[in-house]
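Open the model in your viewer and keep the selection tool ready. We will go from stop to stop.

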Amino acid sequence: MKYSNKIQECIFKSNIKTVFAIDIKNGKVVKAFAGLRFNYKPLSLNNSDYSNPLELIQTASIKFKLENIYIADLDSIQNLKPNTGIILEILKKFPKINFYIDSGLSYPISIFYLERLFIKNKLNNFKIILGTESLKIFRLQNLRRNRNCLISIDFNGKQNRWLSKLTKNSVPVDLIFMFLKRVGGRGVDWKKNKKLVELFPNNKCLFAGGVRNYRDIYRLEKMGFSGVILSTIIHNKIRDGF
């Protein structure tokens, strides 16, 4: 399906923040689908290799003027050797892009070390995502002092405990509602997400997982989401030759 110029405008010039999602495994960009990480394959579009993260970001940032990119370090999330080196290289090469880094951090000391590493390299174009899938011991009150963090509520069966904790503790932090099983453009659960936005009227909420087209983005914006994390739409646009 070819996207008209009008539709492209709707996607990339909306008031909602558009965040391009990139999953990295073994130093390569992989195609995410339904949260089945063992089945993620190096990204290929129209039989062309797009698995080099630096080249993919270069292409996407020029064509779509992206200002925000989400990077999931799948190896680190799965307690394997992290892709810290390539992530540092990415942040250095694209200083004007804001990066949301999800490395599956579990403890406060891990957050401290990663943040210190970025600052040591004179980088300030980052925010660290704390995914509830990995997070173990963490005082939400600590986020009042650390504005470089976001919380990703991962809908994997344990989300209700975190939703309850977050509603009881009013913390001025951006939230991501991450629906891993819907990743890959598998559709949005509209009823559930309307309730989620209503639960957190004082937080900026971002949506991730299942967005299929510009109509979904428009609807999420009207629902009250401040941002949307996506990859399928951008992949489709690259495949269709922009």
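Select helix H2 (residues 53-64) and helix H4 (residues 84-93). Their axes lie 10 Å apart, and the two helices pack at an angle of about 30°. Here helices (H or I, at least four residues) and strands (E, at least two) are DSSP runs, numbered from the N terminus. Axes are lines fitted to C-alpha atoms, for helices over the stretch in contact, and angles run from 0 to 180 degrees between N-to-C directions. The packing angle therefore makes H2 roughly parallel to H4. Angles under 35 degrees count as roughly parallel, over 145 as roughly antiparallel, 65 to 115 as roughly perpendicular and the rest as oblique.

This is a predicted model: local features need pLDDT of at least 70, side-chain atom pairs count only at pLDDT 80 or more, and totals for chains, interfaces and linings use all residues. Residues are numbered from 1 along each chain as its sequence is written, and side-chain values use heavy atoms, with hydrogens and water left out.

Stay with the pair. H2 passes H4 in a right-handed crossing. A crossing is right-handed if the near helix is turned clockwise from the far one by less than a right angle, and left-handed if anticlockwise. Now show the side chains. Pro53, Leu54, Ile57 and Gln58 of H2 make the contact with Ile86, Glu89, Ile90 and Lys93 of H4. Contact means heavy atoms within 4.5 Å. By class, this contact has 5 nonpolar, 1 polar and 2 charged residues. Ala, Val, Leu, Ile, Met, Phe, Trp, Tyr, Cys and Pro count as nonpolar, Asp, Glu, Lys and Arg as charged, and the others, Gly among them, as polar.

Which residues of H4 are buried? Select Ile86, Ile87, Leu88, Ile90 and Leu91. Buried means under 20% relative accessible area, exposed over 50%, partly exposed in between (1.4 Å probe, protein chains only). The buried residues of H4 pack against several elements, including strand S1 (17-25), strand S6 (68-73) and helix H5 (108-120).

Next, colour by pLDDT, the predictor's confidence in each residue, from 0 to 100. The protein averages 85, and 86% of the residues score at least 70. Among the elements, H4 has the highest mean pLDDT (98) and helix H1 (residues 5-12) the lowest (48). Over residues 1-7, pLDDT stays under 50.

Move to leucine 105, in the loop between S7 and H5. Leucine 105 is buried, with a relative accessible area of 10%. Leave aside its neighbours within four places in sequence, and leucine 105 is in contact with Ser110, Ile111, Leu114, Ile128, Ser134 and Leu135. Then pick glutamate 133: it is 28 residues from leucine 105 in sequence and 9.4 Å away in space, C-alpha to C-alpha.

Now select helix H7 (residues 190-199) and H8. Their axes come within 10 Å and cross at roughly 35°. This crossing is right-handed. Trp190, Asn193, Lys194 and Val197 in H7 meet Asp216, Arg219, Leu220 and Met223 in H8. These residues divide into 4 nonpolar, 1 polar and 3 charged.

Zoom in on aspartate 216, in helix H8 (residues 214-223). Is aspartate 216 buried or exposed? Aspartate 216 is buried, with a relative accessible area of 6%. Not counting residues up to four places away in sequence, aspartate 216 touches Val188, Trp190, Gly210 and Val211.

The last stop is helix H9 (residues 232-239). Of its 8 residues, 6 are buried, so H9 is largely enclosed by the rest of the structure. The buried ones are Thr232, Ile233, Ile234, His235, Lys237 and Ile238. Just after H9, click on glycine 241, which takes a positive phi of about 80°.
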